[in-house]
Amino acid sequence: MLRALNQTEMPLRAFSPAKISAVTDKMSRLDVVIFGATGFTGKRTVIHMVNFAKKYQIGSWGIAGRSENKLNDVIKEASQKTAADLSAVKIITADVGDEKSLKDMCVQAKVLVNCCGPYRMYGEPVVKAAIDSKTHYVDVSGEPQFMELMQLRYDEAAREAGVFVISACGWDSIPNDMGVVFLQQNFAGTLNSVRSYLRTYVPPEVMAKAEGRGLVNYGTWESLVYSVHHSNELRPLRKQLYPEALPHFKPKLTRALVHKKDGEDYYLPFLGADESVIYRSQRYMYQWEQKRPVQFKAYFNSGNFFQTGLAIIAAMVFFVMAKITFTKNLLLKYPKFFSMGYVTKDGPTDIVMENSFFSFDLIGEGWDVGTEAEGKPNKKVVAKVRGTNPGYGATCVALLSAAVTLLTEREKMPLPGGILTTAAAFKNTDIIKKLNENDLTYKITETTKI
């Protein structure tokens, strides 16, 4: 009893002046700093942050980038669009090429929101500065090579610093990564596999307005081109990261190249970052929590037979061009031409973004409670994830939901931190509740025996 009392009192006597200073410094930091705030995604994240700050009582926040003048313009634009007084928002100048400026930025933040991509080119110095400054970090990277390289190089350092570095907090890959968690939470049994089916929709009258500025911003295209160009790096990188393979679980979920779902249009494999991210999530849960990993495959709606054929040809041409340095540079130089108008350096207009819709149907199969997890699955649960403006609306909502969750629910996240996926970091938090509150909705639509 006396020993327990002494342990309770010890922190009051044991803090050196240096430790007291460190604690005071942490308490005086801004809650959130958005880096890359003058970019296409960064500007929209700032506008969403105004709403998040009010809704979740974020005490203080700031924005950062290379140009103070452009940062002031972002504040002015966000203030006009939200009718909010943003005079208290702190402006910080920082450049990815200046290590000192990155550290000066990071030591002012509890959570750094990094919108400065492509991340394979600009991400590592920011990750390193955040860890050195004991600052939590989130980004919207959809680049598997970058994410897995950061885990290989900095996971131990992040754990020692007691901070989280969490990538893919945008449309890649929160809808699917947290969608698998959502299915696990609502399955009531053993979930073996999940197939995700993406549909997007832009009304014809809105498509007509997209002709000049397209549907996708150049930064997204640039990241995709570089990811394909360097895709050969991923296999040897993953062998270093995971020297031992996961055991094989049956029945094995196989990939269909082209298929129909419930008599609808055709679906093709979705070659984004989702499968890579979810593999890491499930591997983490298997390794650290001894949970059976969920197998996952992702698909996107490719339209009718003719449209699907064109999509396959376009994908093959894009892949070949992205792999060859000369043609890769052509893709980067002339994005509008090679994307048939879908990608522009100006990015889509507000009206196009606000009227772009998406949904994921996540079909989970496994075994009901009390049933042995072997043989043919006997239960199916379907979840639907829906939202608006996938690249620059839902992405900002997901990114800021991750940042706010880090601020408010740190005690529900795994100790001691590290470089994690969204599912590994947030599975025990209320992040899905926050997403639902901000129009990125998760809903169970079907539970049946099969």
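Biologist: How far apart are the mean positions of the positive and negative charges of the protein chain?

Modeller: Lys and Arg count as positive and Asp and Glu as negative, while His and the chain ends are not counted. Each charge is placed at NZ of Lys, CZ of Arg, CG of Asp or CD of Glu. With 56 positive and 46 negative charges in the protein chain, the distance between their mean positions is 2 Å.

Biologist: Which pLDDT do side-chain atom pairs need to count?

Modeller: Residues are numbered from 1 along each chain as its sequence is written, and side-chain values use heavy atoms, leaving out hydrogens and water. This is a predicted model, where totals for chains, interfaces and linings use all residues, local features need pLDDT of at least 70, and side-chain atom pairs need pLDDT 80 or more.

Biologist: What is the radius of gyration of the protein chain?

Modeller: The radius is taken over C-alpha atoms, and the globule rule is 2.2 Å times the number of residues to the power 0.38. For 450 residues that rule gives a value near 22 Å, which agrees with the protein chain's 23 Å.

Biologist: What share of the protein chain's residues is buried?

Modeller: Buried means under 20% relative accessible area, exposed over 50%, and partly exposed in between, with a 1.4 Å probe and protein chains only. Of the 450 residues, the buried share is 50%.

Biologist: Which residues does UniProt list for "transmembrane region"?

Modeller: Helices here are DSSP runs of H or I with at least four residues, and strands are runs of E with at least two, numbered from the N terminus. UniProt positions follow the numbering used here, feature names are shortened, and annotations may be inferred rather than shown by experiment. The record, an unreviewed entry, gives residues 305-326.

Biologist: Threonine 308 is in which helix?

Modeller: Threonine 308 is buried, because its relative accessible area is 3%. Contact means heavy atoms within 4.5 Å, and beyond four places in sequence threonine 308 touches Val258, Tyr266, Leu268, Ser302 and Gly303. Its helix, covering residues 305-323, is α13.

Biologist: And methionine 49: how far is it from leucine 400 in space?

Modeller: Methionine 49 sits in helix α3, residues 40-55, and is buried, with a relative accessible area of 0%. Not counting residues up to four places away, its contacts are Val32, Ile34, Ile58, Trp61 and Leu400. Methionine 49 and leucine 400 are 351 residues apart in sequence, yet their C-alpha to C-alpha distance is 7.1 Å.
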